[in-house]
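Thanks for coming. I will go through one structure today, starting with the folds of the chains and then moving to single residues. Please look at the display while I talk.

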Amino acid sequence: MGSFIRLAIRQMDVQFRMRVLSLWSLGLYYIQPAIFSAVGMLLSRAAGNSSPDLVYTVVGAGMMGMWSGLVFTSTYDIRTDRREGTLEIIVGSPTSLRRVEGLRTLLNILAGLSSLVVAVLAAVLIFDYSFANVNIAGTILALLLILLGLWCMGVFLANFLAWSRVSGTVVDLMEMPMAILCGFMFPISVLPGWLQKVSGIFPIRWALEGMRDAMNGTPLAQPLIIKLLISLGLSIAFLLLARWFDGKVHDHIRVTGELHSI
Amino acid sequence: MIRRMVYLARLYLFQAWFSYRSLYAWSTPFSYLTSKFGFPFFSMIFFYFIGRFVGIADPAYIIIGNVLLMPSINGIYGISMTVGNERQFGAMSYLLGSPAPRAPLFLGRSLFHVLDGFLTVSVALPIALLVFKMSLAEVNLFLLVFCLLLLSITTTGIGFIMGTISLISRDGWMFTNTFGQLLFILIGVNFPVAQLPAFLQPISSALPLTRGILAARMVLAGVGWTDVGGLLIGEVLIGMVYILIGYVTFHLVERASMNTGSLDSI
């Protein structure tokens, strides 16, 4: 246990320094969400609305920052390892890649959380968002499930990068489709029916819906709890899938010895 | 004289082809298609759904605007990569040490991106019009093609400037990316420029693409040369200014690197 804590602290320390010292992270966590939030606000203004829906336009943009941050940090970490020749060392070391990647992803998500915090602060300080009607317990519970969902998806996606370099392109491509499918800046009901069904497999979608309901004052009763439970169940499913996939990827790269050449 | 002209033309085309092939950093058709269409396509859909949610009367406005922005993927991101990747791939020292004239070396990097950007928007726009059942019956097609070609050319100025920034900063890509995304706000892609706060409207006027996109929208609405002539002349002038700024800053950066010997080591 002591060695795990030491590993966790060291891994997260390195990750934190890499995130803090990178302008790229600044762009992902704060600038890009701010730009998307501004587009949402100006579209709302162009539509003749007196004020934008803060939960979707501002908090949703913070959610985008968290997701984009996760996609481009957890997966790019593997790419960087591959490019710098440290991927083989990590895979060959007694500490599993799964554990290293799990810790990295955890720090990346916590760093991404700052995007959501900044978005909420902007909503409160600039746009006078009030917490008067917010179901605080429900919101916090939903937020924890969002973090869990993101972590499970991050760990799952990271395997693709270890498996194949081409899959990195596909993972990059997922940034915006996930923002659409999970309704980061608009309600899912805006999507066509078939897309709503597709979005049902992602835990973030349910937890985010739950968080919005809670922020709009929905009590922690059956409809909200069901959404949160679905999110929890799907997160666990992604985690199990990640573990299974992780084993497959490890077997594949050890048998073929193709870790660096793929 | 003729020999010199042939030499310059050859250098221009040689640079154009090889920089496009090797520095645009795509290795397979799949990665080419995803890097070119992935983010622009899905961000367009994303903005479309935001527009529907907030109650925009004509969401097709968003789609058309984002399609007209597509040449910027080549013009801004592509050219920025072809200039900036010289350093990342370790070829910068050889380029700077070469006695070849700089204008064809530098400007050659845009040729295939202009053609690629033009082809992209020429294919994507009719598809978008078809999806939204917009008629081309009243449209002056020659004028529309001219607008699309102009957009593909004027966007390159920003690419040259961003490429030069990539030469002097390791975070150049972040600046390029941020600038590219600011275009979603500033140049009338998702909503009319008039909807911008007053302090942003002069910035919008000073950017390439603003007039070109407006002109293309007007041509799609059926107007002719006389109504969009002023906008097109303005677009040409702004585009030339940006290309010139890109070229001059490249020269300045090159000269500074000769003095300090630092360009390849930052």
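Among contacts in chain B between residues at least 6 apart in sequence, 80% join residues at least 24 apart. Two residues are in contact here if their C-beta atoms, placed from the backbone, lie within 7 Å.

Before I go on, some ground rules. This is a predicted model, in which local features need pLDDT of at least 70 and side-chain atom pairs count only at pLDDT 80 or more, while totals for chains, interfaces and linings use all residues. Residues are numbered from 1 along each chain as its sequence is written, and chains are lettered from A and ligands numbered from 1 in the order in which they are written.

Now the confidence. The pLDDT is the predictor's confidence in each residue, from 0 to 100. Chain B averages 85, and 95% of its residues score at least 70. For chain A the mean is 84, with 94% of residues at 70 or more. Within chain A, helix H7 (residues 167-173) has the lowest confidence, a mean of 71, and helix H9 (residues 193-199) has the highest, at 93. Where pLDDT is low, the predicted coordinates should not be read in detail. For the complex, the predictor gives an ipTM of 0.86 and a pTM of 0.86.

On to the overall build. Chain B has 13 helices and zero strands. Chain A has eleven helices and zero strands. Helices (H or I, at least four residues) and strands (E, at least two) are DSSP runs, numbered from the N terminus.

For chain A, the corresponding box is roughly 60 × 40 × 40 Å.

Buried residues make up 46% of the 266 residues in chain B and 47% of the 262 residues in chain A. A residue is buried if 20 or more other C-beta atoms lie within 10 Å of its own, exposed if 12 or fewer, and partly exposed in between, with C-beta atoms placed from the backbone. In chain A, residues 24 or more positions apart account for 81% of the contacts with a separation of 6 or more.

Next, where the chains meet. In this model, 30 residues of chain B are in contact with 28 residues of chain A. On the chain B side, helix H2 (29-54) and helix H10 (172-186) each supply at least two residues. H2(B) gives the most, with 16 residues. By class, that side has 17 nonpolar, eleven polar and two charged residues. Ala, Val, Leu, Ile, Met, Phe, Trp, Tyr, Cys and Pro count as nonpolar, Asp, Glu, Lys and Arg as charged, and the others, Gly among them, as polar.

Staying with H2(B), this helix has 26 residues and reaches 37 Å from its first C-alpha to its last, close to the 38 Å expected at 1.5 Å a residue. The expected span is 1.5 Å times one less than the number of residues. A kink of about 40° lies at Phe37(B), shortly before the proline Pro40(B). The bend at a residue is the angle between axes fitted to the seven residues ending there and the seven starting there. Just after H2(B), Gly55(B) takes a positive phi of about 95°.

Now another glycine. Gly84(B) sits in helix H4 (residues 71-88) of chain B. Is Gly84(B) buried or exposed? Gly84(B) is buried, because 25 other C-beta atoms lie within 10 Å. Leaving out residues up to four places away in sequence, Gly84(B) touches Gly163(B), Ser166(B), Leu167(B) and Gly172(B).

Last, two residues with positive phi. Most residues other than glycine have a negative phi. Lys133(B) is not a glycine, yet has a positive phi of about 50°. Lys133(B) lies in the loop between helix H7 (111-131) and helix H8 (141-154) of chain B, and counts as exposed, with 7 C-beta neighbours inside 10 Å. Leu209(B) has a phi near 85°, also positive. This leucine, Leu209(B), is in the loop between helix H11 (201-205) and helix H12 (210-220) of chain B, and is buried, with 30 other C-beta atoms within 10 Å.
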